[in-house]
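Hi,

Here is the structure I promised to pass on.

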Amino acid sequence: MGSMPRVVEPGQDQFVKALAAENRAFWADRDVRLDPGASPEDLLSQIRYRMRQGVYNELRSVELIAAWLPTVKEREIRQLLPRQLDDEQRHYQLLRRRLLDLGEDPDGYEPLPEWVAFFDWLVAARERPTVEKLAMFQFAGETQSCEGFETLIRLARELDPETAHLYRTQILPDEYRHAAIGRQALLLLADSPERQERAREACREMNRRVFQCYREHRARADRQG
Ligand SMILES: [Fe+2]
Ligand SMILES: [Fe+2]
């Protein structure tokens with residue numbers, strides 16, 4: 001009769017892998033914010049537009065984590081959130097500074113209404129169970145963000161190396177850590193068929209909403225040129 005080591009159920013590990021694959025499949029060809037086939041000039045303007053909206057998104061991410069913190073009671077997860085909040089605040093400042101250096105007025109940018117509504121919806125989701133919230137933002141959202149940043153960095157490398165370097169060295173590593181918080185939350189909390197179903201539905205809802213934002217984002221970027 002030895003002590004029972006705490007192990008992650010094999011079922012949970014399988015579940016998280018399957019859900020990651022489902023999310024990845026959803027996102028194939030759906031991050032339309034940047035068009036790799038666009039002319040260098042158009043691509044650079046898409047990258048700039050991404051950065052302007054990015055300043056807003058990073059700032060709202062700070063607010064979102066702050067709003068969720070009091071409702072995340074699970075110690076193992078809760079203790080990871082203050083650092084994420086700090087990271088998002090730093091990203092906000094870095095991107096804002098970069099736009100200033102490029103001669104832009106980041107504070108004069110008016111965020112896309114769909115992004116505003118999206119973050120309002122996420123903040124209001126604070127009352128939902130931790131497994132759903134973290135499935136949405138950290139697991140589905142941050143994982144897609146990492147993919148999106150990888151693409152951005154690849155496409156910006158020639159056009160705007162300094163910005164590419166900033167994303168690669170100062171932002172992307174943090175975002176991978178945020179995505180890992182999502183995985184950890186699911187491994188810990190998606191421990192019944194019912195909770196797994198809730199997490200899966202939360203990811204689907206999140207993916208749909210983010211995709212809607214991406215489409216509107218691109219349409220507006222194209223209009224504004
Ligand atoms: Fe961030
Ligand atoms: Fe993040």
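Let me start with helix α2 (residues 40–68) and α5, whose axes come within 9 Å and cross at roughly 15 degrees. Keep in mind as you read that this is a predicted model. Angles under 35 degrees count as roughly parallel, so α2 and α5 are roughly parallel to each other. Their crossing is right-handed.

Which residues of α2 and α5 make the contact? From α2 there are Q53, Y56, N57, R60, E63, L64 and A67, and α5 brings W115, F119, L122 and V123. Sorted by class, the contact of α2 with α5 holds seven nonpolar, two polar and two charged residues.

Now for the other neighbour of α5. The axes of helix α5 (residues 113–124) and helix α8 (residues 193–224) also come within 9 Å, but here they cross at roughly 160 degrees. The cut-off for roughly antiparallel is an angle over 145, and α5 and α8 are therefore roughly antiparallel to each other. As for handedness, α5 passes α8 in a left-handed crossing.

On the α5 side, the residues in this contact are E114, W115, F118 and W121, and they meet R209, Q212, C213 and E216 of α8. That makes four nonpolar residues, one polar and three charged in the contact of α5 with α8.

Cheers

Methods
Residues are numbered from 1 along each chain as its sequence is written. Chains are lettered from A and ligands numbered from 1 in the order in which they are written. This is a predicted model: local features need pLDDT of at least 70, side-chain atom pairs count only at pLDDT 80 or more; totals for chains, interfaces and linings use all residues. Axes are lines fitted to C-alpha atoms, for helices over the stretch in contact, and angles run from 0 to 180 degrees between N-to-C directions. Helices (H or I, at least four residues) and strands (E, at least two) are DSSP runs, numbered from the N terminus. Angles under 35 degrees count as roughly parallel, over 145 as roughly antiparallel, 65 to 115 as roughly perpendicular and the rest as oblique. A crossing is left-handed if the near helix is turned anticlockwise from the far one by less than a right angle, and right-handed if clockwise. Two residues are in contact if their C-beta atoms, placed from the backbone, lie within 7 Å. Ala, Val, Leu, Ile, Met, Phe, Trp, Tyr, Cys and Pro count as nonpolar, Asp, Glu, Lys and Arg as charged, and the others, Gly among them, as polar.
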